[in-house]
Amino acid sequence: MNAMNLLPLQVTAAATLLTVVLALWAGSGDGGPRAALRNGVLLVDRYVTGLATLVAAGALVVAFGAGLWQVVARFATETPSIWSEALVRTALIWMAFVGLAVALRAGAVVSIDMAHRLTRGGMRRAIEAASLAGTLSLLGVMFWFGWLMAGRVKFQEMAGLEVSMSWGYAAIPVGAVFAMVGAVAHFLDRRDSELESAV
C-alpha cells in the first residue's frame with residue numbers, strides 16, 4: 001500500500017482516538033470544563049438528531065409517494081413513470097444513512113450486549129469506549145470514501161431523474177457526520193435501558 005492509500009486510515013484512527021479520549025474525559029466529571037463539553041455535545045446532538053429525524057422521515061415520505069405514483073402510473077394509467085423508481089431508491093438511501101444517526105443516538109442499533117450486561121464500572125466503560133472507537137472508525141472511513149465518491153460521480157446523471165449522481169452518494173458522508181454526533185452523544189448520555197431489563 002502506498003502512503004495515499006494509508007492516509008484515510010491514519011486520519012480516521014487519529015481522529016477516533018482523540019474523540020474517544022475527549023469523550024472519556026468529558027464523561028468522567030460532573031463540573032467545570034468536562035460538564036461544559038458534555039453539555040455542549042448534547043446540545044449540538046439535540047439539534048443534529050432532530051434534523052436527522054426530519055430528513056429521514058421526509059425521505060421515507062418521498063419514497064412512499066414516489067412508489068405509490070409508480071404503482072398508480074403502471075396499473076391505472078398504463079404509462080409507467082420513468083423517474084419514480086430512481087427517486088424511491090435515492091430517498092431510501094438517504095433515509096437509511098441519515099436515519100442511522102437517530103438509531104445510534106437511541107441505542108437501537110443491533111448490538112452484542114452480553115459483555116455490557118455482565119460488567120460494571122471501569123470494565124463496562126472500557127467496553128463502551130471500544131464500541132465507540134469501532135463505530136467512529138467505520139463512520140470515518142464511510143465519510144472519507146463517500147465524499148470521494150460523491151465528487152467522482154458529479155458529472156454522471158441518474159437515469160430517470162436527470163440530476164447528478166452526487167445527490168445519491170452524498171447521503172454517505174452526510175449520514176456519517178450525523179451518525180458520529182449521535183454515537184458520541186450516546187456514549188455521554190446512554191439511552192438503552194432496555195438492555196438492562198432484557199432477559
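Student: Let's start with W144. How exposed is W144?
Tutor: W144 counts as partly exposed, because its relative accessibility is 26%. Keep in mind that the model is predicted.
Student: Which element holds W144?
Tutor: W144 is in helix α5. For a sense of scale, W144 and G134 are ten residues apart in sequence, and their C-alpha atoms are 16 Å apart in space.
Student: Ok, back up a bit. How many helices and strands are there in the protein?
Tutor: Eight helices and zero strands. Read from the N terminus, the order of elements is α-α-α-α-α-α-α-α.
Student: And the overall dimensions?
Tutor: Along the principal axes, the C-alpha atoms of the protein fill a box of roughly 65 × 45 × 30 Å.
Student: What percentage of the residues is buried?
Tutor: Of the 199 residues in the protein, 34% are buried.
Student: Switching to charges. How many salt bridges does a search of the whole structure find?
Tutor: Five. As background, side chains of opposite charge can pair when their charged atoms come close.
Student: Is E128 buried or exposed?
Tutor: E128 counts as buried, because its relative accessibility is 8%. R125 has a relative accessible area of 22%, so R125 is partly exposed. The cut-off for buried is under 20%.
Student: What else does E128 bridge to?
Tutor: E128 also forms a salt bridge with R190, with the closest N and O atoms 3.4 Å apart. That pair links distant parts of the chain: E128 is in helix α5, R190 is in the loop between α7 and α8 (193-197), and they are 62 residues apart. R190 counts as partly exposed because its relative accessibility is 29%.
Student: What about R89, which residue does R89 form a salt bridge with?
Tutor: R89 pairs with E85, and the closest N and O atoms are 3.9 Å apart. The two residues both lie in helix α3, four residues apart, about one turn of the helix.
Student: How accessible are R89 and E85?
Tutor: R89 has 47% relative accessibility, so R89 counts as partly exposed. E85 is partly exposed too, because its relative accessible area is 48%.
Student: Which residues are linked in a network of salt bridges?
Tutor: D45, R105 and D189 are linked in such a network.
Student: Now pockets. How much space lies in the second largest pocket?
Tutor: About 300 Å³. Its lining has 14 residues, and A15, T16, T19, L136 and M180 lie nearest the centre of the pocket.
Student: Which elements give two or more residues to that lining?
Tutor: They are α1 (3-26), α2, α5 (121-152) and α7 (171-188). The largest share comes from α1, with five residues.
Student: What is the lining like by class?
Tutor: Ten residues are nonpolar, four are polar and none is charged.
Student: Where does I82 lie?
Tutor: I82 sits in the loop between α2 (32-75) and α3 (84-106). I82 counts as exposed because its relative accessibility is 68%.
Student: Last topic, backbone. What is phi of E162?
Tutor: Phi of E162 is near 55°, a positive value in a residue other than glycine.
Student: Where is E162 found?
Tutor: E162 is in the loop between α5 and α6 (166-169). At 53% relative accessibility, E162 counts as exposed, because the cut-off for exposed is over 50%.

Key: Residues numbered from 1 in each chain as written. Predicted model: local features only at pLDDT ≥ 70, side-chain atom pairs only at ≥ 80, totals over all residues. Heavy atoms only, no water. Buried < 20%, exposed > 50% of the residue type's maximum accessible area, 1.4 Å probe, protein only. 1 Å grid on protein atoms, 1.4 Å probe; cavity = no way out; pocket = protein on both sides within 12 Å on 5 of 7 lines; lining within 4 Å. Points joined across faces, edges and corners; volume = space filled by probe spheres on them. Nonpolar A, V, L, I, M, F, W, Y, C, P; charged D, E, K, R; others polar. Salt bridge = Lys/Arg side-chain N within 4 Å of Asp/Glu carboxyl O.
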